[in-house]
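Keep the sequence and the 3D view at hand while reading.

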Amino acid sequence: MAIALAVPSMAAAQGRQPAQRPGPSRPANRAAVEVAPIRCWWRTSTGAVTIGAPFDVRLTCAVLETDTVQVVPDESRLTVAAVQLKPFEVLGGDHPGDTRAGQRRFFQYRYSVRLIDADSIGNDVSLPNLTFTYRVQSRVSEDSTLTGRDFTYVMPGLPVHVLSLVPEDGVDIRDGADVGLERIEALQFRARLFEIGALALAGLGIVLAISATIAAVGRARGTEVRGQGRASDRRVLGVAADALSRISREAAGGWSPELVSAAHAALRVIAARAISRPVSEQPLAPGATPADGRLAVRSKIPGRAGVAVTSATTAADVARVIATLAADAPLQKRSGLEALQSALAVFTTTRYTSDETRPDAVALGAAVESGRAEAARLARERLWEWRARPAAQPAWREGAAQS
């Protein structure tokens, strides 16, 4: 229901008629102009709806706003939280910004609604009448306004047709969503693929992190000087200890010059690593036999070349290192070096003596056992050794520059 509003002149708004002044150009009274203070209308996003399907309903109103008259509606009952549109259920909505055109201010509310009522299928269901109040404010002077009483505006309802989702002979209401069990299975399969991909990426990240850690540790140990293909200390000590074990078994039937020479070479290598002296390395082809009494350190990778090692360390060299040991040096290290010195002295005497008598088998056997024990101790010390070797004692490779 719209109420006409008379917009009088300023004199009529003040409720009195001023005295007329003579003059042919001024009329006695100004005619009043009647305009509608407020107008509203509905609009839906669809002409017909289905049960449970959301659709939009918009309420648009135009109110009068001039320099002398302003219509102020009570919008508190029009908000999404307060509006009642039964039997439709309000799901949400919004309130766009106002717009002005000429003497009108336009405001709008959008409501997202749905209908859940099986009895409404095939019928027309109307939006309820919407009632709210408004006031008219008239300006009587530059700093004074006159507010009128409350008027009521009734927005008539709008019929909405409800479609049927079932045939005429149907006995139930069918779900209109096009979602079957195969769609659910496809979504579950895709979810499993994403999980597998996530696990694979996590595993790849762990592998990359381990690789980066190993590379960082390798750079931290980069000061360790090693020639290309040089065998580790533990590997050399293990080969020397195995050689002494083999020689000890073969010497059970008597010591020969070859066995004495081989044992002496193995003890020299062990003594060199005990006093941190370099050993001489020579490339050794796969399956080849080392010459000149060298020890063969085979590669753990099949088909790759190894090295043949030897050393010229003597008992005098070990004695000089013992003499320079600090007073608080570990007793185990001192006793081990002394045992190596004695073993080298025994084999040096046996090998280079001019006496034609038979070598002392007991002394030689004890020397071999001392060398094996010291090699095992040195290998245990280097099991968790992370410090780099001093650059002042590099390894040597025959036929190549110092590495």
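D317 lies in helix α5, which covers residues 315–323. The model is a predicted one. Is D317 buried or exposed? D317 counts as buried because its relative accessible area is 11%, under the 20% that sets the limit for burial. Apart from neighbours within four places in sequence, the residues in contact with D317 are I275, R277 and A312.

Helix α7 comes next. It runs over residues 361–381, 21 residues in all, and spans 30 Å from its first C-alpha to its last, close to the 30 Å expected at 1.5 Å a residue. Which residues of α7 are buried? They are L364, A367, V368, G371, E374, A375, R377, L378 and A379. An α-helix has 3.6 residues a turn, so residues three or four places apart point the same way. The cover over the buried residues of α7 includes α3 (233–250), α4 (257–274) and α6 (331–352).

The surface can be looked at through helix α2, residues 181–220, where L193 is placed. L193 is described as partly exposed because its relative accessible area is 46%. Together with F189 and I196, L193 forms a nonpolar surface patch with about 320 Å² of accessible area.

Now the chain as a whole. Its secondary structure consists of seven helices and 18 strands. Of its 403 residues, 30% are buried. The accessible surface is about 25,000 Å², and carbon and sulfur atoms account for 54% of that. Among contacts between residues at least 6 apart in sequence, 68% link residues at least 24 apart.

Key: Residues are numbered from 1 along each chain as its sequence is written. This is a predicted model: local features need pLDDT of at least 70, side-chain atom pairs count only at pLDDT 80 or more; totals for chains, interfaces and linings use all residues. Side-chain values use heavy atoms; hydrogens and water are left out. Patches are made of residues with over 30% relative accessible area and no salt bridge: like charges are joined within 9 Å, nonpolar side chains (Val, Leu, Ile, Met, Phe, Trp, Tyr) within 5 Å. Accessible areas come from the Shrake-Rupley method with a 1.4 Å probe; for residues, only the protein chains shown count as cover. A salt bridge is a side-chain nitrogen of Lys or Arg within 4 Å of a carboxyl oxygen of Asp or Glu. Helices (H or I, at least four residues) and strands (E, at least two) are DSSP runs, numbered from the N terminus. Buried means under 20% relative accessible area, exposed over 50%, partly exposed in between (1.4 Å probe, protein chains only). The expected span of a helix is 1.5 Å times one less than its number of residues. Contact means heavy atoms within 4.5 Å.
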